[in-house]
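Grab a pencil and open the viewer. Try each task yourself before you read its solution.

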Amino acid sequence: MATVGNRVVLLFLAAAVLAGCSLLRYKTAESPRVTVSDIQLAGFSIFEQKFDVTLRMQNPNDFALPITGMEYELCVEDNAVATGVSDKNITVPAFGEQLVKVSVVGNFLSSMTQLQRWQKAGGSSLGYRLKGKLKMADVAVKIPFDYAGKFELQQE
């Protein structure tokens with residue numbers, strides 16, 4: 001017969017194995033595709049602007065991603081122009097997508113420099129890159145994401 005001490009050890013080992021399996025699932029997770037769906041000006045001062053950015057998060061995994069927070073950086077034409085963090089709890093379903101609105105804060109002078117370069121070059125689009133890390137519920141490892149795209153602009 002197993003003693004109470006042996007039962008406790010067996011219970012602890014079983015819990016450790018189950019926890020290890022759940023961590024392994026997230027460790028082998030594919031990074032979600034995170035793209036910019038919309039940007040709205042939320043606040044403006046001489047030193048910085050605040051934007052509300054709607055992100056489209058697509059989960060290519062066969063399990064849901066319970067996200068408890070994220071950090072991110074928005075680059076335009078390879079220059080960092082805005083950063084942000086979010087503590088929103090969202091769950092992106094398996095093979096599904098979720099829209100999430102987050103805030104980014106950028107430096108006004110940096111953004112003006114970017115726009116002046118674009119205007120001088122006569123471009124009709126601006127390249128952007130959104131990169132960051134997602135914090136998963138009950139997992140110490142953060143999942144990175146990195147997406148590049150273009151903002152199409154109309155000149156009048």
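Predicted model: local features only at pLDDT ≥ 70, side-chain atom pairs only at ≥ 80, totals over all residues.

Residues are numbered from 1 along each chain as its sequence is written, and side-chain values use heavy atoms, with hydrogens and water left out.

**Exercise 1: the overall layout**

Task: Work out how many helices and strands the protein has, and in what pattern they follow each other along the sequence.

Solution. Step one is to know what to count: helices (H or I, at least four residues) and strands (E, at least two) are DSSP runs, numbered from the N terminus. Counting this way gives two helices and eight strands. Step two is to read along the sequence, which gives α-β-β-β-β-β-β-α-β-β.

Step three looks at the whole chain. Of the 156 residues, 33% are buried (buried is under 20% relative accessible area, exposed is over 50%, and partly exposed is in between, with a 1.4 Å probe and protein chains only). Now take contacts (heavy atoms within 4.5 Å) between residues at least 6 apart in sequence: 63% of them join residues at least 24 apart.

**Exercise 2: strand 7 and its partners**

Task: Find which strands pair with strand 7, and in which sense.

Solution. Start with the rule: two strands pair if DSSP finds at least two bridges between them. Strand 3 pairs with strand 7 in the antiparallel sense, over nine bridges. In this pairing, Cys 75 has Arg 129 of strand 7 as its bridge partner. Next, strand 7 also pairs with strand 8, again antiparallel, over 11 bridges. Here Gly 132 is bridged to Phe 145 in strand 8.

Finish with the turn. Strands 7 and 8 form a hairpin, and five residues sit between them. Asp 138 lies in that loop and has a positive phi of about 60° although it is not a glycine. At 78% relative accessibility, Asp 138 counts as exposed.

You'll find Phe 95 in the loop between strand 5 (90-92) and strand 6, and it is exposed, at 62% relative accessible area.

**Exercise 3: two rings**

Task: Locate the aromatic pair and say how the rings are arranged.

Solution. First, the idea: a pair of aromatic rings is described by the distance of the centres and the angle of the planes. Then the cut-offs: rings of Phe, Tyr and Trp (its six-membered ring) pair if their centres lie within 6.5 Å; planes under 30 degrees apart are stacked, over 60 edge-to-face, and the rest tilted. The structure holds one such pair. Tyr 128 and Tyr 147 are 6.4 Å apart, centre to centre, with 50° between the planes, so the pair is tilted.

Now place the rings. Tyr 128 lies in strand 7 (residues 125-136) and Tyr 147 in strand 8 (residues 142-152), so the pair ties together parts 19 residues apart in sequence. Last, check accessibility: Tyr 128 is buried at 8%, while Tyr 147 is partly exposed at 31%.

**Exercise 4: one residue's surroundings**

Task: Is Thr 35 buried or exposed, and which residues is Thr 35 in contact with?

Solution. Thr 35 sits in strand 1 (residues 33-44). With a relative accessible area of 17%, Thr 35 is buried. Leave aside neighbours within four places in sequence, and Thr 35 is in contact with Thr 54, Leu 55, Arg 56 and Tyr 147.
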